[in-house]
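Trainee: I would like a close look at one part of this model. Please take me through a single sheet and its strand pairing.

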Amino acid sequence: MQDGTRRGQALLHRLLAGIPDDESPLTHVQTQRARPAETAPWPSWVGTPLRIELERCGIGRPWTHQVRAAELAHTGRHVVIATGTASGKSLGYQLPVLSRLLEDPRATALYLSPTKALGADQLRVVTALDLPTVRAAGYDGDTPMAERDWVRAHARWVFTNPDMLHRGILARHGRWASFLRRLSYIVVDECHSYRGVFGSHVALLLRRLRRIAARYGSAPTLILASATVADPAASATRLTGVPCAAVTEDGSPTGERTVALWEPPLLDELAGENDAPVRRSAGAEAARMLADLVVEGARTLVFVRSRRGAELTALGAQRTLAAVDRNLAARVAAYRAGYLPEERRALEAALDAGELLGVASTNALELGIDIAGLDAVVVAGYPGTRASFWQQAGRAGRAGDGALVVFVARDDPLDTYLAHHPAALLGTAVEATVLDPANPYVLRPQLACAAAELPLTADCVDELGGEVARSVVDELVAEGVLRRRAAGWFWSSPRRLPHADVDIRGAGGQQVAVVEGDTGRMLGTVDSGSACTTVHPGALHLHRGEPFVVDELDLEHGLVLVHPEDPEWSTSARSTTDIAVVATHRSRRSGGVTVSLGEVEVTSQVVGYLRRLPSGQVLDAVALDLPASTLRTRAVWYAVAGELLTDAGLDSADWPGALHAAEHAAIGLLPLVATCDRWDIGGVSTALHSDTGLPTVFVHDGHPGGAGFADRGYSALLPWLTATRDAIAACECPNGCPSCVQSPKCGNGNDPLDKAGAGIVLDVVLAALRADAEPSAVTRAGQAR
């Protein structure tokens, strides 16, 4: 056995210590072989000063994919580098950018990253080079106002993010005229993270940026860096609006990795909601693993789905380690978005210096500082896409050494499916990025901002969104937001720019401040769209491991008041949902099953919350009186003729529970075929829907106008519902549990649910779809209700 393999397997054996073989939580283990480096000579156009500096920093020869991408960009080709985590993609764009800045003392460049941490880390890399004429500088929300003036006037390579591009650069582009006039390159880092509504906004931001650059006479080359995704050239072209070449052959070396799939066991002594069996939580399992790995001296990163989960996982590991060595406990911390800037910078410095040995993080670190070469990575819960999983797993391992990656399944249908179908996670190509720049709800604010920057012309409108954009412009003119003139469309309120009112991350509005009531200390922020769910009255809120309970939620003034309290329970919100079909855009009928895609109106309201013990046991349910919200979005739905269900042995009295369970499982499995999170989508099921007149299951996007997820579900209906059926069948529970048909956000308290009935419903639907692979009836656009 090679040394690299021995390291990863030795750490896995440490995690399994004390667990009987017949109770092993492992469902699959495989080893990924090491890969040697493939290098290439420095491009001839890389000047001696730059090459000397890079060699001083330890880069003897570049890898082949770095040179290939750099050569394309140097010749003016828009390019996307889509290789693995820690494969040195940054050098692929640093070579052409730095060469250009050194060659032309007037040239400028712009770098965009989805997170402040990643931008700050990449800025540190560039400023560490002894190239003073480059004048690289950061420009984000943490940049002091006095420094922003210097950046505008003197910086030549500006490191920023989409939010500041939108509000700070494009909104006031006249102040950036000198910079934009000489703009040579635009770098878009971690471009695979731009998906859904956020991705759609960024796609239009990039079109606006190119439009403004052209106004000042520049035509910058775009260089994109991405994790491995399906068809990166098409994804990058869709994001940027310009043809992009793809570099995908990875020349970087990797050590061997042991990859393990781990399903926590069901706990016989505890019962959850409606007496369903409870599985040991992925967070609790990950906390134990983190402690064990830190004891072994393994540099470990645990990725957890939620901010609260990251805090709890770090706390659990610290408590375990404190009993062994208090010094070890101090070397474990949580890292997540929402920390104040000074807290985030301190944690990043401790990580960079190696003072922290174990970190529990949300994906703020997945797309954050450039940390790699770890001994172990634990992924506690599927991160939503295979691209994100490999982005996280890729942090483990370095050339010549081995590492461990453990995927810990949550109590969730998709996690259950993946734990028992390893090929779906480890052997399947990663997804294509889903985004929809033509979403009218995204186009509307983007077109208003574009018109405020420069008057819109017919060509501009076509480039920004074609026919849909023209329709939106007509609506804006009718409402007086824009004015039509011979030269184009003009913003009607020049003294007030619209940019500040536009939330490009699709979070649903402005931030809500979380404040300690007794002291007035600001703890952080949450977005208003999720405030009713996460910081409702009575909710447990964690900040850097410090627990608080919410006293008051004031949505009107954007304020949450909390008090310190350390209860033994956690909270989870419950909501109710109604849905109405507004328009059916596509439909196909297969026997007695009709599948449709269209526009819907969803009315939802948080009506209460559950208090749970760490074991998963429910203590009680508390009612809330919070305002309802209405969402116009897109949905995919199937309606089933009642006689098909009856003929399959499902009595009409059992339809509600069966459809409800099938809906929950389908929501849980949609991320398998669409680049979404189950919290990005929702669903409704009913034994008799007023618009279809039949038993119906809806799955809808969670963003105004849709984000492309329902459309993807419609186009991949057969594999999506097949995986849903398989996940239900794979779960070992008798009557339904969170691993198959229970939902953590069900407004009805997961009642009624019929696991066996859900299997019958899905069998009926799948049989009809398979029997009629060529739909007998396809209707497109126009069936408006």
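Trainee: In β7, which residue is the bridge partner of A82?

Mentor: The model is a predicted one, and in it A82 has S226 of β7 as its bridge partner. That pair belongs to the contact between strand β2 (residues 79-82) and strand β7 (residues 221-226), which run parallel and are joined by 4 bridges. Both strands sit in an open sheet of 7 strands, ordered β4-β5-β3-β6-β7-β2-β8, and the pairing in this sheet is parallel. At its edges stand β4 (136-138) and β8 (245-247); each has a single partner strand, so one side of each is left without a neighbour in the sheet. On average, neighbouring strands here are turned by 20° against each other, direction ignored.

A second open sheet, also of 7 strands, runs β1-β9-β16-β15-β12-β14-β13, and its pairing is mixed. Its edge strands, β1 (26-32) and β13 (332-335), each pair on one side only. At the β13 end, β13 pairs with strand β14 (residues 358-361) in the parallel sense over 4 bridges, and A334 has A360 of β14 as its bridge partner.

Helices lie across this second sheet. Helix α12 (residues 307-322) lies across β12 (300-304), β13 and β14, and runs at about 175° to β13. Helix α16 (residues 386-393) lies across β1, β9 (257-262), β12, β15 (376-380) and β16 (403-408), at about 150° to β15.

Key:
Residues are numbered from 1 along each chain as its sequence is written. This is a predicted model: local features need pLDDT of at least 70, side-chain atom pairs count only at pLDDT 80 or more; totals for chains, interfaces and linings use all residues. Side-chain values use heavy atoms; hydrogens and water are left out. Two strands pair if DSSP finds at least two bridges between them. Helices (H or I, at least four residues) and strands (E, at least two) are DSSP runs, numbered from the N terminus. Contact means heavy atoms within 4.5 Å. Axes are lines fitted to C-alpha atoms, for helices over the stretch in contact, and angles run from 0 to 180 degrees between N-to-C directions.
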